[in-house]
Amino acid sequence: MTIIDLRSDTVTRPNEQMLMAMIEAEVGDDVYGDDPTVNRLQKIAAEVAGMEAALFVPSGTQSNLIGLMTHCQRGDEYIVGQDAHTYKYEAGGAAVLGSIQPQPIVFEADGSLDLDKVKAVIKPDDAHFARSRLLCLENTQSGKVLSMRYLKAAGEFAQKEGLLLHLDGARVAHAAVELNVSIAEICQPFDSVSICLSKGLGAPVGSVLCGSENFIKQAKRWRKMLGGGMRQAGILAAAGIIALQDNIKTLADDHRKADELADNLANLKGITVLGGQAYTNMLFIQCEPTLSVSIADDLKKKGILINAPTNGVIRLVVHRDLSDLYLKIFFDVLSELAQKAA
Ligand SMILES: *Cc1c(COP(=O)(O)O)cnc(C)c1O
C-alpha cells in the first residue's frame, strides 16, 4: 500500500541521485579530517551560511547542543522560546550535558521573541544569577518565517546587550526561499547557525553547524565528546551536498503545495485551518471532535500517516516525497471522513 506521510519532512527518503552520489563518494576517516567529501560539504555549507567554517554532525539536536556548549560555559544561561526545539524538544541537553541554564520566554504569534521581553530577563552581573550569555532564535519557527527587519533588530540588540546569537535554522532554507533572499543574508546577524540536511532538503542523515573558524575548532572537540565524530562519513556527506546544491530551490514547490492544501482544506466542513493559511511547508488544522477523535487511525487504514492531534491541533507537513497526486488522495480521503463525521 502507498504510504502518504504528512507527519514531518524528516520522513523524506534519499532519491536516486543521492543514492548514486553516496555510492560514488570518495571517503576517508573524518575524525582525522581525511574525508574529502565531508570536507567539501563543510566548505559548501560555510559558503551557503556566509560563515567562515562548518562542521558536519549526525543530527540537528547534536548541532544545537554543540553550538550552545561552545558558546556557553557552565553556569551561563541562554534565552530561548518556551516552545523552541532547543529548549523543549532536545531532552534538556543544554542543562543536562552543558550545565547551561535555559531562560525560556513565550514566542510571539509570528515566531519571534519580543526583544523587550528578552531584555527584561537579562540578568545583571551579580553572584545571585546565572550569566546571561546567549540568545537563541528559531527560523522557521513552526513554519513561520522571521522578517529580515526583525533579524537585523535582533542582531543589533544582541550586540548592544553583549549576548551571543545562535540560530536554530533547521529549516532556514525554507525561510530563504519564502523571502527570496540567500541563506547567508538571513544568517548575517548570527554568531552561529545549525541547518538540517535531513528534513525538507531530503538527505537521510545530518546537520551542519556553521560559525567562525575559531568557533568550529572548539565545536569539533564537543562533537567528539558527544559521540558525533564519524569515520567514513563521506557516504552521508555526499547526500548532504546534493541537499544544499540541488534541493533548496525545489522547496518553493513544497510551499506552493502547502498553500493549495490549506486552501482546499479551508473549504471542508468541520475543519479549520489555523491562521487561514499555510506557513512555508506546514499547516495546522483543527477538526470537529467527532472527526478528530479517531482521525489518525482512520487515515492510517487508508495508507495515510498524520500525527494524532495535540490539544486538538494537527500539524501537517508538506515535503518533496508528497506529490500533487498524493496530496489529492489525502484531501479526498479526509473530505470523505469529514462528511461521515458531520
Ligand atoms: C528537527 C529539528 C531540530 C533537530 O533535528 P534532529 O536532526 O531531528 O535532531 C532542531 N530544531 C528544529 C526547529 C527542528 O525542527
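In the predicted model, Asp-5 is found in strand S1, which spans residues 4–5. The relative accessible area of Asp-5 is 10%, and this residue is therefore classed as buried, the cut-off for that class being under 20%.

Rolling a probe the size of a water molecule over the atoms shows where empty space is left. The structure holds 1 cavity of 30 Å³ or more, and the space in the largest cavity amounts to about 40 Å³. The lining of the largest cavity is made up of Asn-64, Leu-65, Leu-68, Thr-86, Glu-90, Gly-93 and Ala-94. Two elements, helix H3 (60–71) and helix H5 (93–98), each give two or more residues to this lining, and the largest share, 3 residues, comes from H3.

By class, the residues that line the largest cavity comprise 3 nonpolar, 3 polar and 1 charged. Leu-65, Leu-68 and Ala-94, which belong to the lining, fall in the nonpolar class, whereas Glu-90, also a lining residue, counts as charged. Gly-93, likewise part of the lining, is counted among the polar residues.

Notes. Residues are numbered from 1 along each chain as its sequence is written. This is a predicted model: local features need pLDDT of at least 70, side-chain atom pairs count only at pLDDT 80 or more; totals for chains, interfaces and linings use all residues. Side-chain values use heavy atoms; hydrogens and water are left out. Helices (H or I, at least four residues) and strands (E, at least two) are DSSP runs, numbered from the N terminus. Buried means under 20% relative accessible area, exposed over 50%, partly exposed in between (1.4 Å probe, protein chains only). On a 1 Å grid over the protein atoms alone, a cavity is a set of points where a 1.4 Å probe fits but cannot get out, and a pocket is an open set with protein on both sides within 12 Å along at least five of seven lines; lining residues have an atom within 4 Å of a point. Grid points are joined across faces, edges and corners, and a volume is the space filled by probe spheres set on the points.
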